[in-house]
Amino acid sequence: MSLPFIIIAFVTLFAAAAAMSLRNLVHCALALVVALAGLAALYLQLDAEFVGFAQILVYVGAVAILIVFAILLTRSGDSPNQAVLTPGWGWGIFISMFVFTALGWAVLNSGVLRAQGAAGSSAAPAATVKDIGKALMEQYVLPLEVIGLLLTAAMIGAVIIALKEPSQIDNSGRKS
Amino acid sequence: MADKIHQIIETFKQMCLVDKIDQLFVMLKQLVLACVPEALHPLVSGMLSVVLVLSVFPGVFAIITVIERKGLGRIQNRYGPNRVGIPFTKIRLCGFGQFIPDGIKSLTKEDIVPYAADKIVHYLAPVVMLIPVLLSYAVLPFGKNMTVADFDAGLLFFFAVGGAVELSVFMAGWSSHNKYSLLGASRAIAQMISYEIPLILSAVTVVMVVGSLKLVDIVAHQNVYSYGIAHWFVFTPWGLVGCILFFIASLAESNRCPFDLPEAESELIAGYFTEYSGFKFALFFLAEYLGMFAIIGLGVTLFLGGWTSPVSFLTWIPSYLWFMGKVIAIVFVFIWIRGTLPRLRMDQLMNLAWKFMLPLALINVVVAGIWHFMGQLGHEQLRWLVCAVIIFGSYVVLGRGLMRHQKLGKRTYRFAE
Amino acid sequence: MLGEQMIKGMAVTAKNFFGSYVSKERLTTVQYPEERLVPKENTRQFPFLVYDTDDAEKGLRCVACQICEKECPPQCIYIVKSKDKKADYKGQMQFYPAVFDIDISVCMSCQICVEVCPFESIKMNTDFELSNDNRFGGLLISKQQLAKPNAHYRQIHPHEAAESDAVIAGEKAKAEAKAKAAAEAAEAAKAKAAAAPAPVAAPVGAPAAAPAAPVAVVAPTAPAPTTPPATN
């Protein structure tokens, strides 16, 4: 539990809490961006360069822009004047605590940590980009292709939804 | 004969301490580090490199703003600024001191924040724009052994921090509480994300051929000379197309003419930074120009050989001078383009990105692969012809496709005649 | 082919850029105030008064006829005619303007005062650097500042000055010719009266000649002051 980890973890948690509880929707989105950047910092602190930069490129550079555009294009008005906490907030906290405990127990009892502890703390394999590329092309090529297919399907679907229908006739009788 | 020349050059280099001049900054850094305790070495080393970058590039920015105004003036048959030299004296210096009063003006202007604007986001937007741009200078190799931080995935780092710029554009446009700023910001973001794809795809061709994301390795790959000419990637068919696509996309990424719709004065006043005045505007301006230098630096590293010299008998010129010279030459070309071409409309911009540059970039990737494997199979000479034909053919076809819907001719009216 | 026109455009721009260092027609800026363009002949800014010879008072052509004051559309000329007559450089007694002010903040350079002046005495000057920081009268130019020698007029408007000089010379010649003719007519009348029946009419002729002589004396001087109006 080194000092950089503590600082980054605090920043991430604080940003995540702000993303939940701020009134203004765009402020929430920006706080979410900070939380995602905090995650990227955690990856970098673990010497996982590729994953850290990919996290920034994908999440901060693309997903955050997507969220922001969604807010931009679908804003119905100014920030709502309702209460920040919904009525069932007690139950919400209970369920989230339960899920957190379950996840924490699963991680702490997993095989990775046991192997890590046995082999010594500084035996983390240095995964260079070349190794990641090799693994993607040899060991994990099927998941890669399936993901590619999924993304292509999503893109084609989005284009079809956004495309205007060719034979749409409006009220004045002229083809549009 | 060739290695006799080589020998003469080597002795000349040793005589004139060329290597020492080349490694001047590296040696200075070692000198300072020797006076510092061991534990502080990483910190001090990083800080020294950062100080060098932060002092050189804003200075280059200041001079380039004056050169741009004078260059545009000469293209437009007029003088540029030619009065201000050294302030408070009569020395004119052909107007190169213009950036001093410009800086003072932007510092002393009143900082107006709209009443309904979101104060925190409005304040943070220029900062969020400037920081990723400055971060991206960390991976560029300015000279031999002169990279601030040589990451394993250096190229990916550059594009990752480039993506954060779009977030700041949105913050600027939305926080101004001005529907025209918001429209300008949406257009700017749409333009930037559309042109990121050809940018990254043309960089991918280089990565494919080199086999590594480290920028230092990419430059080392181009530091090979045959017949006295360096193996820059721009001298190959796929490299030439990749270079041109990269620089066109970098024009769009830095919102420069002919892609400066988001910030042009005749459109939406100034787009997403309409509501900014004084120093915040100066910060946006600074961030835009520094971003332009960084992306040109990356293009030079990827395609134009970074800090290497094009011909083998000019390697005695220090490497950082080559790098800066190339960057400034490309900046001159950008200024030239700015003075020549009219602005593209939003739909023309988008058409160019998605219907022309993206297919051409994809075909370029395939051609780079063909090049690599034909080289491995032994057809060194034939691959030039094959790659050139494929690229030229696809360029002509895509160009025709782009121009097909343009009705260039006398205008006809449906109802008026 | 896509991009062909762009390359041609960039070639034009490059030619402009490099040509601006070499040829003057590619860089037509005139850096005022260090460099100035030579003004054309019929440039006009604000009026001035012409005087002949070196004496600004005696040589002043203006006789305060106040025609320009009445014709000026924005009424920017203010003239106070003198009560007495002074001798000008030709020795003739003329009225003169005691006060002749032009308010150049009102003057619109229409040149009507020049067109109607019968004496070729008010002309248009070409000086425009007349800015002043005195708000309450700095742009009201008086007679002393307005009076400029004929040499100045010849310098700024050579052809116009030549025409103006020709007109004045023509009038002068006409006046002299008229005076000569009147003198000759008086001479002839005198001779005729003297050659008339002299002995019989001598006592009658003397009183008859006497009234004729004053008439002959008066006649030559009468046409002199009235000169026909000059048209420009």
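Helices (H or I, at least four residues) and strands (E, at least two) are taken here as DSSP runs, numbered from the N terminus. The expected span of a helix is 1.5 Å times one less than its number of residues.

This is a predicted model, in which local features need pLDDT of at least 70 and side-chain atom pairs count only at pLDDT 80 or more, while totals for chains, interfaces and linings use all residues. Residues are numbered from 1 along each chain as its sequence is written, and chains are lettered from A and ligands numbered from 1 in the order in which they are written.

Let us begin with helix 14 of chain B, which covers residues 382–403. Its 22 residues reach 32 Å from the first C-alpha to the last, close to the 32 Å expected at 1.5 Å a residue. Which residues of helix 14 of chain B are buried? They are B:R383, B:C387 and B:I391, where buried means that 20 or more other C-beta atoms lie within 10 Å of a residue's own, exposed means 12 or fewer, and partly exposed is in between, with C-beta atoms placed from the backbone. Seen down the axis of helix 14 of chain B, the buried residues fall within an arc of 40 degrees, so they line one face of the helix. That arc is taken from the directions that run from the helix axis to the C-beta atoms. On the other side of helix 14 of chain B, the exposed residues include B:L382, B:V389 and B:M403. The cover over the buried residues of helix 14 of chain B includes helix 10 (237–253) and helix 13 (346–377) of chain B.

Helix 7 of chain A (residues 141–162) also has 22 residues and reaches 32 Å from its first C-alpha to its last, close to the 32 Å expected at 1.5 Å a residue. The number of buried residues in helix 7 of chain A is 0, so this helix lies largely in the open.

## Where the chains meet

Two residues are in contact if their C-beta atoms, placed from the backbone, lie within 7 Å. By that rule, 18 residues of chain B are in contact with 18 residues of chain A. On the side of chain B that touches chain A, helix 7 (154–175) and helix 8 (179–210) of chain B each supply at least two residues. Helix 7 of chain B gives the largest share of that side, 10 residues. The residues of this side divide into 14 nonpolar, 2 polar and 2 charged. Here Ala, Val, Leu, Ile, Met, Phe, Trp, Tyr, Cys and Pro count as nonpolar, Asp, Glu, Lys and Arg as charged, and the others, Gly among them, as polar.

Chain B also meets chain C, in a contact that takes 13 residues from chain B and 14 residues from chain C. The side of chain C that touches chain B has 7 nonpolar, 6 polar and 1 charged residues.

## The sheets of chain C

Chain C has 7 helices and 8 strands. Of its 232 residues, 16% are buried. Among contacts in chain C with a separation of 6 or more, 70% are between residues 24 or more positions apart.

Two strands pair if DSSP finds at least two bridges between them. One open sheet of chain C has 3 strands in the order 6-1-8, with mixed pairing. Strand 6 (122–124) and strand 8 (147–149) of chain C stand at the edges, each with a single partner strand, so one side of each is left without a neighbour in the sheet.

Another open sheet of chain C has 3 strands in the order 2-5-7, and its pairing is antiparallel. Its edge strands are strand 2 (77–81) and strand 7 (140–141) of chain C, each pairing on one side only. The table sets out some of the strand pairs.

| Strand pair (chain C) | Sense | Bridges | An opposite pair of residues |
|---|---|---|---|
| strand 1 and strand 6 | antiparallel | 3 bridges | C:P47 and C:M124 |

## A loop residue, C:V63

C:V63 is found in the loop between strand 1 and helix 2 (67–71) of chain C. With 18 other C-beta atoms within 10 Å, C:V63 is partly exposed. Not counting residues up to four places away in sequence, C:V63 touches C:Q94, C:F95, C:Y96 and C:F119. C:V63 and C:Y96 are 33 residues apart in sequence and 4.7 Å apart in space, C-alpha to C-alpha.
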